[in-house]
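Please look through the briefing below with the sequence and the structure side by side. It starts with the whole chain and then moves on to sheets, cores and single residues.

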Amino acid sequence: MNFPDDLKYTRDHEWARVQGNRVTVGITDFAQDALGDVVYVELPEVGDVVKKGETFGVVESTKAVSDLFAPVSGKVVEVNAPLVDAPETVNEDPYEEGWMIVIESTDAKELAELLDGAAYRKFVEEEQE
Amino acid sequence: MAKRTPLYDVHVQSGARMVEFAGWDMPVQYSGLLDEHEAVRTRAGLFDVSHMGEVVFRGPRALEALNRIFTNDLGRVVDGQAQYGCMCRENGGIVDDVVIYRRSAEDLLVCVNAGNREKDFAWLADHAAGAQVTNESDDWVQLALQGPRAQAILQPLTGAELAKLKTFHFVDGDVAGVPCTIARTGYTGEDGFELFCRPALGVKLWKALVEAGKPEGLVPAGLGARDTLRLEVAYRLYGNDMDDDTTPLEAGLGWVVKFDKGDFIGRDAMLRQKTAGLPRKLVGFVLTDPGIARHGYDVLHDGRKVGVVASGTKSPTVKSSIGLAFVPPALAAEGSTFAVDIRGRPAAAQVVKTPFYVRK
């Protein structure tokens, strides 16, 4: 399973690509694999304010519903709208084309609380045991 | 610990993802639900359904005894034919929905749902009425070969003349050297077969079918695809769309209730319900707002809860968000609208004719 080192991760299985205060968010390879075929994605609107640890959307596979949790607090400045019509992208390319939103982070301290690739991999392995 | 079918090791070796279902460790998917679903609709899929139970009625009283327990009419089918129907309690509540295979008037096999094996056997044994009742649930492996290419895959492996085997008929015959009962039945809405064989030969049969099916595009398929396939054709699932507190009439299964055949358990209660009017009806719906309806979600009308979603999914074949829901009769007509409470958000829904998908 692939957990790129240039990304940060949450224990809710989101990834975050941090570029300055712009944080791109999606779900991890582990999450998409566990969900199975994703058939529905519900995302917030540009301008919505999200809070770290709170839900910002929903992803559903044919068999399960899963909330999406914001890795950091801030304002949603971009939404991957094409995902709504092509939810399978989340399975096919979770880290690139399958990105979900971009958050303009308002609290730099929160970034430090995210896991790096190695720590997330360890977390996933422990969770599977 | 969850029970395992004789094919458990084969599933694990083939990379299946296993989940617990009705007390069984079963494959939920192999390559992926959508891939398997599409294979069954366009080519073929192979399912291990050995978790299903089998109870056999034998003896001179077998047909008569079963017909008293069963809502459909076994007097209307011939030897070598199968029939779908319900077993009900006196109050009309469904004990289980089953397929009964009439081998002869003195030898009938009842195929029951996995989760109801013990309950059903107790119920059937209690109402044996002189028939000899045997629980053979652990004596059979059951494989479902489903899809438009099913006959082309199976025919080279058997001497049975499949072209002559009509829907809901069955015949005994060897498949790849394995003695089987070959039934033209299934739970997917496609043409296909269900094969019953001895547990010790299950792996041999599975491997022969997988091998023979490869050139035709057959894939092994799991319970996930089985559920989306059955819902597209609005086949009911026990535990979702019916239970001990639901009558066949409420579940939209009036077509398997034969009031004119003579007495059977639940007949009086259902006749009364028919006269008084049904309290609720199971209908097919599509969501006209985004989202997916799930089992247990509330059905709302004018902001009030008036019903409940029984089954729901995103249909892989017709692409829309489909489901079955219990609603008041006033909302059951085609074109009626209501809302489904999707985690606090009301999503508009419209009653449509079922099935959602019809094979060409």
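A contact, as the word is used here, means heavy atoms within 4.5 Å. Residues 24 or more positions apart account for 66% of those contacts in chain B that have a separation of 6 or more. This is a predicted model, in which local features need pLDDT of at least 70 and side-chain atom pairs count only at pLDDT 80 or more, while totals for chains, interfaces and linings use all residues. Residues are numbered from 1 along each chain as its sequence is written, chains are lettered from A and ligands numbered from 1 in the order in which they are written, and side-chain values use heavy atoms, with hydrogens and water left out.

**The chain as a whole**

- Chain B has eight helices and 19 strands, where helices (H or I, at least four residues) and strands (E, at least two) are DSSP runs numbered from the N terminus.
- The radius of gyration of chain B, taken over C-alpha atoms, is 20 Å, close to the 21 Å that the globule rule gives for 360 residues, so the chain is as compact as a globular protein of that length; the rule itself is 2.2 Å times the number of residues to the power 0.38.
- Along the principal axes, the C-alpha atoms of chain B fill a box of roughly 60 × 50 × 40 Å.
- Buried residues make up 58% of the 360 residues in chain B, with buried meaning under 20% relative accessible area, exposed over 50%, and partly exposed in between (1.4 Å probe, protein chains only).

**The open sheet**

- Six strands of chain B form an open sheet with mixed pairing, in the order β10-β11-β12-β9-β3-β13; two strands pair if DSSP finds at least two bridges between them.
- At the edges stand β10 (170-175) and β13 (218-220) of chain B, each with a single partner strand, so one side of each is left without a neighbour in the sheet.
- The twist from one strand to the next averages 25°, where axes are lines fitted to C-alpha atoms, for helices over the stretch in contact, and angles run from 0 to 180 degrees between N-to-C directions.
- Within this sheet, β9 (residues 141-146) and β12 (residues 192-197) of chain B pair in the antiparallel sense over six bridges, and Leu143(B) has Leu195(B) in β12(B) as its bridge partner.
- Helix α6 (residues 202-213) of chain B packs on the sheet, touching β3, β9, β10, β11, β12 and β13 of chain B, and its direction makes about 10° with that of β9(B).

**The barrel**

- A closed barrel of six strands in chain B runs β14-β17-β16-β15-β18-β19, with antiparallel pairing, and its neighbouring strands are turned by 45° against each other on average, direction ignored.
- Helix α7(B) lies across β16 and β17 of chain B, running at about 120° to β16(B).

**The nonpolar cores**

- A nonpolar core is a set of buried Ala, Val, Leu, Ile, Met, Phe, Trp, Tyr and Cys residues joined through side-chain atoms within 4.5 Å.
- The largest such core has 32 residues, and Phe47(B), Ile94(B), Tyr101(B), Leu109(B), Met242(B), Leu253(B) and Met270(B) touch the most other members.
- The largest share of this core, four residues, comes from β5(B).
- Domain 1 (8-49 + 140-232) and domain 2 (53-137) of chain B both give residues to this core, so it lies between them; the domain bounds come from an automatic or database domain assignment.
- A second, separate core of 27 residues includes Ile153(B), Leu154(B), Val175(B) and Leu195(B).

**Single residues to look at**

- Most residues other than glycine have a negative phi, and most peptide bonds are trans.
- Asp302(B), in the loop between β15 and β16 of chain B, has a positive phi near 50°, and this residue is exposed, with a relative accessible area of 72%.
- Arg343(B), in the loop between β18 and β19 of chain B, has a positive phi of about 45° and is partly exposed, with a relative accessible area of 37%.
- A cis peptide bond, with omega about 0°, joins Thr354(B) and Pro355(B), and Pro355(B) has its place in the segment after β19 of chain B.
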